[in-house]
Amino acid sequence: MTQAAEDSLAMPEPEESGLVRTLNSMGTMTPAPDIFSRAFIDFAPKAPGRCLDIGAAYGVATLPALRGGASIIANDIDERHLKILLNRVPPEQRSRLELAPGEFPDRIDFPAGSLGAVLICRVMHFFDGPRIERAAAKAMEWLAPGGKVFVVGESPFIGTAKAFFPTYESRQKAGNPWPGVVENVAAHDPKRAGSLPGLFHLLDERVLGRVFTAAGFEIERLELFPRPDYPADIRLDGRESVGLIAVKK
Ligand SMILES: C[S@@+](CC[C@H](N)C(=O)[O-])C[C@H]1O[C@@H](n2cnc3c(N)ncnc32)[C@H](O)[C@@H]1O
């Protein structure tokens, strides 16, 4: 990227809802951290190592974590997001920030046992099942004992997935290990299909609990939670997102 192109990078104006679109059509960044991201932000300064924010976008979690005194590695598949993020960080906090662009989990790496916490917020719902399993295994490898992983994803209980719900239920009854894979995003959310990747994977407690337990984590907290700040068509009944906190013993 030329210096001029880099200088012209700016965070897009927020939508009416406060959500900010990504530059690579990978959904939006939320205007404020959700309850599980907040738990990561609170844990980060006392974590047993540096903390990794996967899919950090423009810094919704990284910025408050740095403000709280943590050392953060901000990752994103789109380096432009990280350049914008860096410009949003006060100069005196930049020595505690490292930028690590690259595709998680397959194209970034960290020394085993070197991280204190990993946040994967609103990124895993773009992964197929095997990639979710590789992500959990990488988090387990990279974390130090006592380190924690924090995960947030969209659940099947969102207003825009009503038409998909019978498929989800019947797959679940049939024992499908990945009942929430939406192959046809355009049918699921025609309004936003253009700003989403081709695969969307609605996640629930059963899937996250199974995958992270199999990777060796002890689950501390796992629940569906409400997104009162989401646009009205995405909100449903207070179960719009799923969150997990798990510890490496
Ligand atoms: C929906 S946004 C979420 C941003 C923020 N974490 C939040 O909670 O609002 C997804 C972000 O993850 C990034 N991303 C998507 N797939 C990724 C991957 N495999 N590895 C790293 N970053 C990824 C996108 O570029 C985008 O910035």
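Trainee: What does the accessible surface of the chain come to?
Mentor: About 10,700 Å², and carbon and sulfur atoms account for 52% of that. Such areas come from the Shrake-Rupley method with a 1.4 Å probe; for residues, only the protein chains shown count as cover. This is a predicted model, where local features need pLDDT of at least 70, side-chain atom pairs count only at pLDDT 80 or more, and totals for chains, interfaces and linings use all residues. Residues are numbered from 1 along each chain as its sequence is written, and side-chain values use heavy atoms, leaving out hydrogens and water.

Trainee: How many of the residues are buried, as a percentage?
Mentor: Of the 249 residues in the chain, 53% are buried. Buried means under 20% relative accessible area, exposed over 50%, and partly exposed in between (1.4 Å probe, protein chains only).

Trainee: And the secondary structure, what is in there?
Mentor: Eight helices and 11 strands. These are DSSP runs numbered from the N terminus: helices are H or I with at least four residues, strands are E with at least two.

Trainee: Which residues touch the most other members in the largest nonpolar core?
Mentor: Ile120, Met124, Val149 and Phe212, in a core of 47 residues. A nonpolar core is a set of buried Ala, Val, Leu, Ile, Met, Phe, Trp, Tyr and Cys residues joined through side-chain atoms within 4.5 Å.

Trainee: Which element gives the most to this core?
Mentor: α5, with six residues. Among the elements that each supply at least two are β6 (115-121), α5 (129-142) and β7 (143-154).

Trainee: What is Ile120 in contact with?
Mentor: Leaving aside neighbours within four places in sequence, Ile120 is in contact with Ile54, Phe104, Val149, Phe150, Val151 and Val152. Contact means heavy atoms within 4.5 Å.

Trainee: Different topic. Where is Tyr230?
Mentor: In the loop between β10 (218-225) and β11.

Trainee: Buried or exposed?
Mentor: Tyr230 counts as buried, because its relative accessibility is 4%.

Trainee: So what is Tyr230 in contact with?
Mentor: Beyond its neighbours within four places in sequence, Tyr230 is in contact with Thr30, Arg122, Glu154, Arg235 and Ser241.

Trainee: How many Å separate the C-alpha atoms of Tyr230 and Ala246?
Mentor: They are separated by 26 Å, and the two residues are 16 apart along the chain.

Trainee: Last one: what does the C-alpha trace span?
Mentor: About 50 × 45 × 30 Å along its principal axes.
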